[in-house]
Amino acid sequence: MLFSPSSARADTAHGPKLIVGAPQRHTLVSCGTNTAEALTCIQSVAVTNKSGQKPIVGKLTGKKIRSEFDGRIGDSERPVAASTATPESISKLEVKVMISNEECCHNPNVGMYLQRYKNGNWETITTKLDFYAKDPAAFTSGVPSVNAATVFTVAEAQQLFQEVPSSWSMNSQKIVYAGNQLRFKLDGGSWNWYSTAEVSLTPFNNAPTPRVNPGNYEEWTFPNPTTPNTPSGSIVVYSDFQPYQATWCWTIESCSANREEYTLYLKSSNGPEAWKGNKEIAFTVTIRAPKTFAIGEVSGSAQNTVVKYGKDLPDFKGVAMREIVATLSPIATARSRQLAGSPPEETAYGYTYDANLNIFGMHNDITDFLGPCAKKGGVQVISNAMHSIDPVWDAATETIKVRLETPHFAPDGTLNTGYLEIRVPKETALCMWGFSLDGNIKAAVSITYDDGSTPSLVTVVGKVIENDYLIITSGFHFSSPNLAIKITHSTDTSEASATAVIKPLVTPSPKATLSSTAVKTSITCINGKTVKKVSGLKPTCPAGYKKK
């Protein structure tokens, strides 16, 4: 799931921060200002304002931006300081019961109640609960950043839940209630909320956790004496690195130590619409990285993206180093307030015009979804979607499956259309499909929707670029398309190897057939006072609506 720096605040209070002694997730700064001497840093940032122009190498403005949107992101790669508590002292701490669920994020200044569903109604079983956050700063940050959780003594919990045993300890199994049985309810402010997720009772002993020194991000500018007002303007590079075996938690109970990755988010200092309509601007960020970091998979909201290895660098602190070079362009992304895992909202509230990437290492769990060929590395899945579900290799159909989630309608009420880039290195393609990319190649793309709706007319372009096969798919409609991509050999020697065709991977029904002569039409559907416009090859009104 990809966040802008503002929306990433949702992560602040979730879960235990990090395992003691492990290297932590930390901000990347320029190698020139790397006072902490972190192993990895940003070597350079450059911009190309128009295609064919010479890149302009950026310089630091000296402005620093604190990483305050998540209190777990530190300022260097130094190990987390160990807690002063000893195992003996921790064993003497009182074990309590934490009541929590997986949803976030909430304003700690509102009231919170715990409710149980009984005899067809919700009844409040306790009121005025305390919010819980691992980071105390969450209560004074001024943003809804704490999750619905509270801590009871065992005796207090037993008064409400007979399932809690008197032998409750840190080794006790958690107790889980479905969201339709037990829920948190919040009232009293603009962030009213009612949970639907599972509610869990888990052991908790308030053992001290390591403290994190917040890091900083840096602003870059691109001086050019001949054209001082360049379209790029100054930018802030929000970039983090999480080494292998540094524990990261999304919720109190959902953590992983296999999150090796770089994150890269580029944001204009000249306002949110500075890059609107600019389809030529491109940024190149060069990172000094340890050779132990191998590119597994890349995903993000951007376009014209290439992530590759650069030249080898001198050893640093006895560690072999090399460049990772990421080139990317901003893209218009329709935004809603949907959280990952929740159903997409129908209409976007606006657009962002930024660019962001996640560069996952081979030790990241996400690369496992692409099957054994993922170890060849380098698959890139880039789109204009708010959320992209990690690509999966389907051995039965020999396809890379991708699911994208974004509002169905753009802010102006028109149909929101999608853009997807998939870049597959030759070696990985050979592993997946069993043939070289040197012959006549076709890209087959199948698009389906959970609601059975018909894909809009889609454009697919495929071509070999140096060592990669690039597939660009555009024109399909949101909100939640499922795309399956397959590279096939063409026996038609009259077709160039860089030509791709739309070819469903399974025999489609007549309604789902895509052809070069298909014409997309629109109809208007009404349900009371609600009006929807539906577009497609043979559009139909959704359930409850009638064609106007």
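Buried means under 20% relative accessible area, exposed over 50% and partly exposed in between, with a 1.4 Å probe and protein chains only. This is a predicted model: local features need pLDDT of at least 70, side-chain atom pairs count only at pLDDT 80 or more, and totals for chains, interfaces and linings use all residues. Residues are numbered from 1 along each chain as its sequence is written, and side-chain values use heavy atoms, with hydrogens and water left out.

**View 1. The protein chain holds three helices and 35 strands.** Helices (H or I, at least four residues) and strands (E, at least two) are DSSP runs, numbered from the N terminus. Of the 548 residues, 51% are buried. Contact means heavy atoms within 4.5 Å. Among contacts with a separation of 6 or more, 71% are between residues 24 or more positions apart. The chain exposes about 25,300 Å², and carbon and sulfur atoms supply 50% of that area. Areas follow the Shrake-Rupley method with a 1.4 Å probe; for residues, only the protein chains shown count as cover.

**View 2. Five strands form an open antiparallel sheet.** The strand order is β3-β2-β18-β21-β20. Two strands pair if DSSP finds at least two bridges between them. Strand β2 (residues 41-48) and β3 run antiparallel, joined by two bridges. V47 has I56 in β3 as its bridge partner.

**View 3. A disulfide joins C31 to C41.** A disulfide is a pair of cysteine sulfur atoms within 2.5 Å; the whole structure has two. Here the S to S distance is 2.0 Å. The torsion about the S-S bond is about 95 degrees, so this disulfide is right-handed. C31 lies in the loop between β1 (26-27) and β2, and C41 in strand β2, so the pair ties together parts that are 10 residues apart in sequence. C31 is partly exposed, at 24% relative accessible area. C41 is buried, at 0%.

**View 4. A disulfide joins C373 to C431.** S to S is again given as 2.0 Å. With a torsion of about -80 degrees about the S-S bond, this disulfide is left-handed. The pair links distant parts of the chain, 58 residues apart: C373 is in the loop between β24 (355-361) and β25 (379-383), and C431 is in helix α3 (residues 426-433). C373 counts as buried because its relative accessibility is 6%. C431 is partly exposed, at 33%.

**View 5. Y262 and F293 pair edge-to-face.** Rings of Phe, Tyr and Trp (its six-membered ring) pair if their centres lie within 6.5 Å; planes under 30 degrees apart count as stacked, over 60 as edge-to-face and the rest as tilted. This rule gives 12 aromatic pairs. The ring centres of Y262 and F293 are 4.9 Å apart, with the planes at 75 degrees. Y262 is in strand β17 (residues 261-268), whereas F293 is in the loop between β18 (282-290) and β19 (295-301), 31 residues away. Both residues are buried.

View 6. F476 and F478 lie 5.7 Å centre to centre, with 75 degrees between the planes. F476 is buried, at 0% relative accessible area. F478 is buried too, at 0%. T406 touches F478; its other contacts include A334, P344 and H387, not counting residues up to four places away in sequence. T406 lies in the loop between β27 (399-405) and β28 (417-425).
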